[in-house]
Every structure is written in structure tokens, then in C-alpha cells.
Amino acid sequence: MTPLRPAKNSRGVSTSAAREQFRTFLSKKGLRATTQRFAICDAAVAQAEHFTAEQLLDCARAIDDSVSRATVYRTLPILTASALLREVDIGSGEKFYRASQPGAG
């Protein structure tokens, strides 16, 4: 797998705006806002390409080395439900994700 590259903000999504959207969503759902979840969020919205959970794990660990595989897998559906990410089926049988376009969801 090729390593993920940070986006050059081509989607117009800033990390601070994504964090605030995620914080609000977590609060509304009664979920904890942890540093690991925010590292995963930051890593996810920074990606210019589609990515897998395993690729996201590597990027999130570069931000916070305490991020676990289980936390990534539990956080991906939360990020998807918050409209920050969308799950993409590219026909390979593996789940891929991509940061949502501005104004999505």
C-alpha cells in the first residue's frame, strides 16, 4: 500500500472546522471527546486520497502514538455518521474512506 499524503486543503476542509464539527457530534451523541479520536479525525480529514482503516491507523499514530487499532475501527463509523467521512466502495471488497466535501451531510 502506498503511504497517505496530506491534502493541500483542496476540499476546503480545515482541521479546526472538522474538529469542531466532530466535537459537536460527539457531544450530541453523548460520546467522549478523546485525544485519540481527535488524532484519528485530524489524520482522516488531512488525506487527499481514499484510505483504508489500516492506512489511517499509521497516520493517526504519527500524530498520537497511543492510538490503537480498535479505536480506529470504532471511530470510523462515528466519523462517517458525523458527515466528516464517507465510506467508498471501489469494488475491491475492502472498505475505503474519503473526507467529505464541504457542506456534505
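A residue is called buried when its relative accessible area is under 20%, exposed when it is over 50%, and partly exposed in between (1.4 Å probe, protein chains only). Helices (H or I, at least four residues) and strands (E, at least two) are DSSP runs, numbered from the N terminus. The model is a predicted one, in which local features need pLDDT of at least 70 and side-chain atom pairs count only at pLDDT 80 or more, while totals for chains, interfaces and linings use all residues. Residues are numbered from 1 along each chain as its sequence is written, and side-chain values use heavy atoms, with hydrogens and water left out.

**The whole chain**

Four helices and two strands are present, and from the N terminus on they follow the order α-α-α-α-β-β. Of the 105 residues in the chain, 42% are buried. Contact here means heavy atoms within 4.5 Å. Among contacts between residues at least 6 apart in sequence, 57% join residues at least 24 apart.

**Helix H2**

Select residues 35-45, which form helix H2. This helix is mostly covered, with nine of its 11 residues buried. The buried residues are Arg37, Phe38, Ala39, Ile40, Cys41, Asp42, Ala43, Ala44 and Val45. Display their surroundings: they pack against helix H1 (15-29), H3, H4, strand S1 (85-88) and strand S2 (96-99).

**The nonpolar core**

Next, show the side chains of Phe22, Leu56, Val72, Leu79 and Leu85, the residues with the most contacts inside the largest nonpolar core, which has 26 residues. A nonpolar core is a set of buried Ala, Val, Leu, Ile, Met, Phe, Trp, Tyr and Cys residues joined through side-chain atoms within 4.5 Å. Two or more residues of this core come from each of H1, H2, H3, H4 and S2. H2 gives the largest share, seven residues.

**H2 against H4**

Axes are lines fitted to C-alpha atoms, for helices over the stretch in contact, and angles run from 0 to 180 degrees between N-to-C directions. The crossing of H2 and H4 is right-handed; a crossing is right-handed if the near helix is turned clockwise from the far one by less than a right angle, and left-handed if anticlockwise. Gln36, Arg37, Ile40, Cys41 and Ala44 of H2 meet Thr71, Val72, Thr75, Ile78 and Leu79 of H4. By class, this contact has six nonpolar, three polar and one charged residues. In this classification Ala, Val, Leu, Ile, Met, Phe, Trp, Tyr, Cys and Pro count as nonpolar, Asp, Glu, Lys and Arg as charged, and the others, Gly among them, as polar.

Centre the view on Thr75 in helix H4. Is Thr75 buried or exposed? Thr75 has a relative accessible area of 1% and is therefore buried. A polar atom of its side chain lies 2.6 Å from the backbone oxygen of Thr71. Not counting residues up to four places away in sequence, Thr75 touches Phe22, Arg37 and Ile40.

**H3 against H4**

Now select H3 (residues 53-63) together with H4 (residues 69-81); their axes come within 10 Å and cross at roughly 115 degrees. This crossing is right-handed. Ala53, Glu54, Leu56, Leu57 and Arg61 of H3 make the contact with Arg69, Val72, Tyr73 and Leu76 of H4. These residues divide into six nonpolar, no polar and three charged. Val72 touches Ile40, Ala53, Leu56, Leu57 and Val67, not counting residues up to four places away in sequence.

Go to Gln47, in the loop between H2 and H3. Gln47 counts as buried because its relative accessibility is 4%. A polar atom of the Gln47 side chain lies 2.7 Å from the backbone oxygen of Ala43. The C-alpha atoms of Gln47 and Cys59 are 9.3 Å apart.

Move to Asp65, in the loop between H3 and H4. At 68% relative accessibility, Asp65 is classed as exposed.

Finish at Ala83, in the loop between H4 and S1. Although Ala83 is not a glycine, its phi is positive, at about 75 degrees.

Note on methods: A polar contact is a pair of N or O atoms within 3.5 Å; within protein, one must be able to donate a hydrogen and the other to accept it, and residues adjacent in sequence count only if both atoms are side-chain atoms.
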